[in-house]
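Please keep the sequence and the three-dimensional view at hand while reading.

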Amino acid sequence: MTESHPRPGPPVSGTEPEEAVVLRDLLRSPGYLKALVASALIGIPVSLAAFWFLVVLHELEHVLWADVPDALGLNAPPWWWPFPLLAAAGVTVGLVASRLPGGGGHVPASGLHTGGASSAALPGVLLAAMCLPLGAVLGPEAPLIALGGGLALAFRNLARADATPQGTLLLGAAGAAAAISAIFGNPLAAAVLLIEVAGVGGPQLFAVMLPALLSSGVGAVVFTGLGRWTGLATSDLSLELYAPFPPLDVPDVLWALLIGAALAAVLYPVLAGAQRVASYVSGRILARTVLCALGAAVCAALYALATGRSPVDVASSGQATLAGLAVDPHAWGVGALIAVLLFKGAAYTLCLGSLRGGPVFPALFLGAAAGVLLAPLPGLGVVPGMAAGMAAATAATLRLPVSSVVLVVLLLGSAAMMPVVILAAVVAFAVTELLPRGSAAPATAPAR
C-alpha cells in the first residue's frame, strides 16, 4: 500500500505569523493592486512637477544672488543684501501662514511630516517655498513632500476615484516619494526616508512603502533615462571631495563616537530654540515671521562683516556651499568655520521656527563644517571628520538615524566611510533621544 502525501494547502492555523497572513491578504486585495498601478502612473507627472519646481528654485536663487548683484556692478552680494530679500520672505510666508489653507505647510521646527497633504494646501505651499531662494536657511525637501502628496491626491480627485482613508495614505506616500527622489537623486533614499518619517510598522509599513518605492522608482526613470533617452538632468545629492577616501583606522572610529555625542549636545539648543521660536511666532504670525526673517538677515550680515566672505554662506540652505566646502575645505580658515557655525546655526534656529522648508541641507552643512573644523584632531582628517559630522548633525536634527546614514553615504558617493557614518549617526541619535525634550512645535501654522 503506497503512502499518500498530503497536498500542499493553506497553512494550519497557528503555524504562520499573523502579520504574514495580514500582509498576504492585503497584497491580494483588488483595491491595493489598483493603488500600486496608480502609484506607478502618478510617479511620472509628480516627478516632472518636482523637477521644474527645483529648476525654478535654483534659477531664482542664481538670479537673486549672482545676476542681480552683477547687473548692479557688484562683484559679490554685499553684507546688507540679505535684508530686503529676507524681509520679503518674511512678509510672504507670514501672509501665507495666516491667510491660506494649510498655512504654507508645517513648521519645520517640528521635523519632516508626510501627513496633512492636500490639493487645497498646494498654492500656499508653493508660495511659501518660493521664498527659499530669498535666503531662508532651509532646504526644499519638506515642500517637495507636500507637493508630491498634494499632486497625487489632486490627480485622484480629477480621476474621481474613491477617497478611502487607506487610498489617501497610499497615494500621498507615493506622491511624496516620487517628489523627494528628485532632490536626492535616488529612489531608495526617498523610500528609506519615508519609512522613518511615516513612523508606521508591521504590515502597514509594507503597505505604505511598496507604492512609495514603486512610484519613486518610476519617477527616477524620468531623471536617469531609458535606452537612448537620457532623461532630465538636474542636481542631485553628491559631492566631489578634494581628496580620495583614506583607509579607516582606530582614531577615526573613536573620534566618530565623540563627534556624534558632541554635535548632538551642540545642536540640542538649536532645536529647542527653534521650537520656542515657533511658539513665539504663532501668537502674531505676520509681524513675528518678518521679525525672525530679519533676524536671520542680521546673522548673515554680521557673518559677512566679520569674515569678509559672502553672506550667502549663512543665508542659504547650504547645498551649494557644502559642495564648495567639500572641494576646497582649506579655503575656510578656523575663524570662518567658527563664524559660519555660530551665525548659520542662529539663522537656522530662526528659520526653523518661522519660515517654511526642510531641515536636511542646513544640518548637512553644519555637520560638514564642524567636521572640517575638527579635522586637525590627532588621527582624524578632513574626509572622516566631514563624514562623521554630517551623519551626526543629520541624525540629531531629523531623529531619523537610518535615513541619515543613507543620505550621507549617498552624498559621499562611496561606502568607504560607512562605519564612521553609522557610529556617528547612532551615537548622535541616542544622545538626542536621552536629552530632555521641549514642547513640540505646532505641525502647521494656524490658518486665519
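Is the crossing of α14 and α15 left-handed or right-handed? The crossing of these two helices is right-handed. The sections below describe this pair of helices within a predicted model.

## Overall architecture and confidence

The secondary structure of the protein chain consists of 16 helices and zero strands. The chain has 448 residues, of which 49% count as buried. Among contacts between residues at least 6 apart in sequence, 80% join residues at least 24 apart.

The average pLDDT of the protein chain is 82, and 78% of the residues score at least 70. Two stretches stay under 50: residues 1-13 and residues 439-448. For residues 1-13 the model has one contact beyond four places in sequence, whereas for residues 439-448 it has 33 such contacts. Where pLDDT is low, the predicted coordinates should not be read in detail.

## The pair of helices α14 and α15

Helix α14 covers residues 382-398 and helix α15 covers residues 401-412. Their axes come within 9 Å and cross at roughly 145 degrees. By class, the contact of α14 with α15 has seven nonpolar residues, two polar residues and no charged residues. On the α14 side, the residues that take part are A387, M390, A391, T394 and A395. They meet S404, V408, L411 and L412 of α15.

S404 counts as buried because its relative accessibility is 0%, and the cut-off for buried is under 20%. Leaving aside neighbours within four places in sequence, S404 is in contact with A391, T394 and A395.

The loop between α14 and α15 contains R399. This residue has a positive phi of about 55 degrees although it is not a glycine. With a relative accessible area of 25%, R399 is partly exposed.

## The largest nonpolar core

Which residues touch the most other members of the largest nonpolar core? They are L144, M390 and V421, in a core of 115 residues. Helix α14 gives the most to this core, with twelve residues.

Not counting residues up to four places away in sequence, M390 touches L239, L322, L364, G367, A368, V408, L411 and L412.

## Buried positions elsewhere in the chain

G104 is placed in the loop between α3 (82-99) and α4 (122-129). Its relative accessibility is 4%, so G104 counts as buried. Apart from neighbours within four places in sequence, G104 is in contact with V96, G124, V125, A128 and R356. The C-alpha atoms of G104 and L126 are separated by 7.4 Å, and the two residues are 22 residues apart along the chain.

F361 is found in helix α13, which covers residues 360-374. F361 is buried, with a relative accessible area of 0%. F361 and G318 are 43 residues apart in sequence, and their C-alpha atoms are 5.9 Å apart in space.

Is A262 buried, partly exposed or exposed? A262 is partly exposed, because its relative accessible area is 40%. This residue has its place in helix α9, residues 250-281. From C-alpha to C-alpha, A262 and A393 are 9.7 Å apart in space, while they are 131 residues apart in sequence.

V298 is found in helix α10, residues 285-307. At 36% relative accessibility, V298 counts as partly exposed. The C-alpha atoms of V298 and P82 are separated by 8.0 Å, although the residues are 216 residues apart along the chain.

Note on methods. Residues numbered from 1 in each chain as written. Predicted model: local features only at pLDDT ≥ 70, side-chain atom pairs only at ≥ 80, totals over all residues. Heavy atoms only, no water. Axes fitted to C-alpha atoms, helices over the stretch in contact; angles between N-to-C directions. Helix = DSSP H or I, 4+ residues; strand = E, 2+ residues; numbered from the N terminus. Left-handed = near helix turned anticlockwise from the far one by under 90°. Contact = heavy atoms within 4.5 Å. Nonpolar A, V, L, I, M, F, W, Y, C, P; charged D, E, K, R; others polar. pLDDT = per-residue confidence, 0-100. Core = buried A, V, L, I, M, F, W, Y, C linked by side-chain atoms within 4.5 Å. Buried < 20%, exposed > 50% of the residue type's maximum accessible area, 1.4 Å probe, protein only.
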